[in-house]
Amino acid sequence: MEEKDNVLVSHCSFAGVKPIMVDLPYPPIQVRGKNQAYANLLSVDYCGSVSELTAITQYINNENRLFCINCSVAKTLLGIAIAEMIHLQKLGEMIVLLGGHIDFTAKYRNGGNKMWTPECLSIPHEAKKMILADIEAEKAAIHQYRMHMQMMKDDCVNAVLARIIKDEEYHIMLLQALLKEL
């Protein structure tokens, strides 16, 4: 960051930042039939405390706080956030196909519903702690996806979740490499 004529200027350009994901296609977005229970499980992946919405918000928040300090790390976080947006979009389509509704409310199996809030975020102030929190969030997402795949008997939905897991595993690898840069 530099000051010119009483204006602060960023030297970190985000032009050309693309989603950071595994170079494999996603399976078609389709389901075997309407299933509210499956839609509810995916709503937790969509906007629960461990969810794509939480991941996007946390990555963007961390990128915003780091772009003046470490442009390279900020660009990587933005690329991961864009990949998480694609995951959110795919989950949303499957929820609707399954007969569910997109209303930013996670519908839990015990009957409890919880609307997404920023309370879901982990917002440490040090760069290393931010990246460590992101790694833990990715690991939690993978665990949750695997658990949900065991609960759903829809091979179409599970194929998409398995593909998303590949991206999340890749994100962990990249985040671990970022830790070494800090």
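Me: Taking partly exposed to mean a relative accessible area between the buried limit of under 20% and the exposed limit of over 50%, how does Lys129 count in this predicted model, and at what relative accessibility?
Reply: The class follows from where the value falls between those two limits, under 20% for buried and over 50% for exposed. Lys129 lies in between and therefore counts as partly exposed, its relative accessibility being 46%.

Me: With which residue does Lys129 form a salt bridge?
Reply: The closest N and O atoms of the pair are 3.9 Å apart, and a salt bridge requires such atoms to be within 4 Å. The partner counts as partly exposed at 48% relative accessibility, and that partner of Lys129 is Glu126.

Me: How many residues apart are Asp155 and Arg32, whose side chains meet in a salt bridge?
Reply: The N to O distance in this pair is 2.7 Å. Asp155 is partly exposed, with a relative accessible area of 46%, whereas Arg32 is exposed, at 59%. Asp155 belongs to helix α5 and Arg32 to the loop between β2 and α1, so that the pair links distant parts of the chain, with a separation of 123 residues.

Me: Are Asp167 and Arg163, which form a salt bridge, buried or exposed?
Reply: Their closest N and O atoms are 2.7 Å apart. Because they stand 4 residues apart in helix α5, about one helical turn separates them. Asp167 and Arg163 are both buried.

Methods. Residues numbered from 1 in each chain as written. Predicted model: local features only at pLDDT ≥ 70, side-chain atom pairs only at ≥ 80, totals over all residues. Heavy atoms only, no water. Helix = DSSP H or I, 4+ residues; strand = E, 2+ residues; numbered from the N terminus. Buried < 20%, exposed > 50% of the residue type's maximum accessible area, 1.4 Å probe, protein only.
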